Amino acid sequence: MVYGQIFRQHSPDDCFINVNVGGFKQRMEHNVLKRFPQTRLGRLLCCSSKEAILELCDDFSPANMEYYFDRNPHFFCYVLNFYLTGKLHLVDGLCVVSFFQEIEYWGIKERHLDFCCSGKFHELMELVQDKDEDQQLYSSDSSIEELSALDEDIETFDGSWCADVRRNIWIRLENPGYSTSAKAMAVASLSVVIVSIVAMCIHSMPEFHQVDLNEKEIENPVLNSLENFCVLFFSAEFILRLAVAPLARKFLCRPLNIIDLMSVMPFYVTLACDTVDEGENTNLENVGKVVQILRLMRVFRILKLARHSAGLRSLGATLRHSSREVGLLVLFLSVGISMFSALIYCLEKESLESELQTMPIGWWWATVSMTTVGYGDTFPVTLGGKVIGTLCIICGLLIVALPITNIFNKFAKFYERQRRIDLRQNK
């Protein structure tokens, strides 16, 4: 080998060590190894016992003073070249992960990579890390698991009561692309959700409010009938899904089914409160307020659209897996709001025209400014305050933009996967 010719063969034997790597034998000079004392071969020179030697190599022959390593002999040629030149190069045809594991075993640091290979190595490692993160997100995402677990749920029906009937209904309810009837059921469900949301919005308009002879506000009969129809449809759909579900407990624990339950519960609780209120129970003075709060909970019906929208499911998955980015965003904003609210208070408190006379008002102003909302209800009037306001807005733009990029990238990956899964199920 060329590496053996480079070493000085006329040195005494005690200045060399014999290395056997996967059948490839090589004599290596001590002075060469001492240039890199932190590497595995360099540490062999400091071993004073056989036990210490065997911690660094796979076997050792005291008679021949030969160290055995069960490693890739082709890669070891590059290790020899590193000891001679001080620079390491990538191995053609070797996976970058395997390359990293090899240099980690031999104790060679990444900084020893030559400039011609360093950039390519880090690019490949970043690509591998991105794929690993994508795989982790894919394997831990509950919404994707719900979609891809349909085949597993179908197998659960075997041996249960009315298995064939329940299986056929379940497939049509869970997979809109299964057949024409499944698509019709999905369109009907989506239409009722939209009608319910529109009716809820119309109900809030004063033009549609009605009063009785005693000037007491009453429900609009048309909107009330429409509301009752929508709730009955949602209730029947939920009960049907629960009745044909392969596992009731698993069904009730899924996020989309919890949303379905939350969308109909306010109606029945409100109905019960109205019944109690009609009985003039003096112990329930705040029944009217409870009813109003429960009616506002009908907004959960908007979330029912997630059952029919890959984008909404992807948004939910993104938020669940972006806790670190959201935490950083809140932390950055909190630090910026605290700092700029204190600065604006110090500069504006002496001005009689300014409304920024207290720290809480300064917090509100800094929050509105850093998030670039800009209500305009409070604003600085002094020159120094305007300068601080400008800096606050610029810092807010930078702070908000930093974690948003990662969140957007995760959303794009989740959305693409959701579309692929939907297309696979529709085939």
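1. Let us start with a term: helices (H or I, at least four residues) and strands (E, at least two) are DSSP runs, numbered from the N terminus. By that rule, the chain has 19 helices and 6 strands.

2. A word on the ground rules. This is a predicted model, in which local features need pLDDT of at least 70 and side-chain atom pairs count only at pLDDT 80 or more, while totals for chains, interfaces and linings use all residues. Residues are numbered from 1 along each chain as its sequence is written, and side-chain values use heavy atoms, with hydrogens and water left out.

3. How much of the chain is buried? Of its 427 residues, 37% are buried; here buried means under 20% relative accessible area, exposed means over 50%, and partly exposed lies in between (1.4 Å probe, protein chains only). The accessible surface of the chain is about 25,300 Å², and carbon and sulfur atoms account for 61% of that surface. Such areas come from the Shrake-Rupley method with a 1.4 Å probe; for residues, only the protein chains shown count as cover.

4. Next, contacts, meaning heavy atoms within 4.5 Å. If you take the contacts between residues at least 6 apart in sequence, 61% of them join residues at least 24 apart.

5. Strand 1 (residues 16–21) and strand 2 (residues 24–29) run antiparallel and are joined by 6 bridges; two strands pair if DSSP finds at least two bridges between them.

6. Which residues touch the most other members of the largest nonpolar core? They are M28, L41, F69, F76, Y83, F99 and W106, out of 35 residues in that core. Helix 5 (73–85) is among the elements that each supply at least two residues of this core, and so are strand 1, strand 2 and helix 7 (115–140). The largest share, 6 residues, comes from helix 5. A nonpolar core is a set of buried Ala, Val, Leu, Ile, Met, Phe, Trp, Tyr and Cys residues joined through side-chain atoms within 4.5 Å.

7. Leaving out residues up to four places away in sequence, F76 touches V19, V21, F24, Q26, M28, L41 and W106.

8. Helix 11 (residues 180–203) has 24 residues and spans 34 Å from its first C-alpha to its last, close to the expected 34 Å. That expected span is 1.5 Å times one less than the number of residues. The buried residues of helix 11 include A182, V192 and M200, and its buried residues pack against helix 10 (163–174) and helix 12 (221–244). A188 is also found in helix 11, but A188 is partly exposed, at 32% relative accessible area.

9. Helix 17 (residues 323–348) has 26 residues and reaches 36 Å from first C-alpha to last, close to the 38 Å expected. Among its buried residues are L329, G336, F340 and E348.

10. The structure holds 0 disulfides. C116 is partly exposed at 46% relative accessibility, whereas C117 is buried at 11%.

Note on methods. Disulfide = S-S within 2.5 Å.
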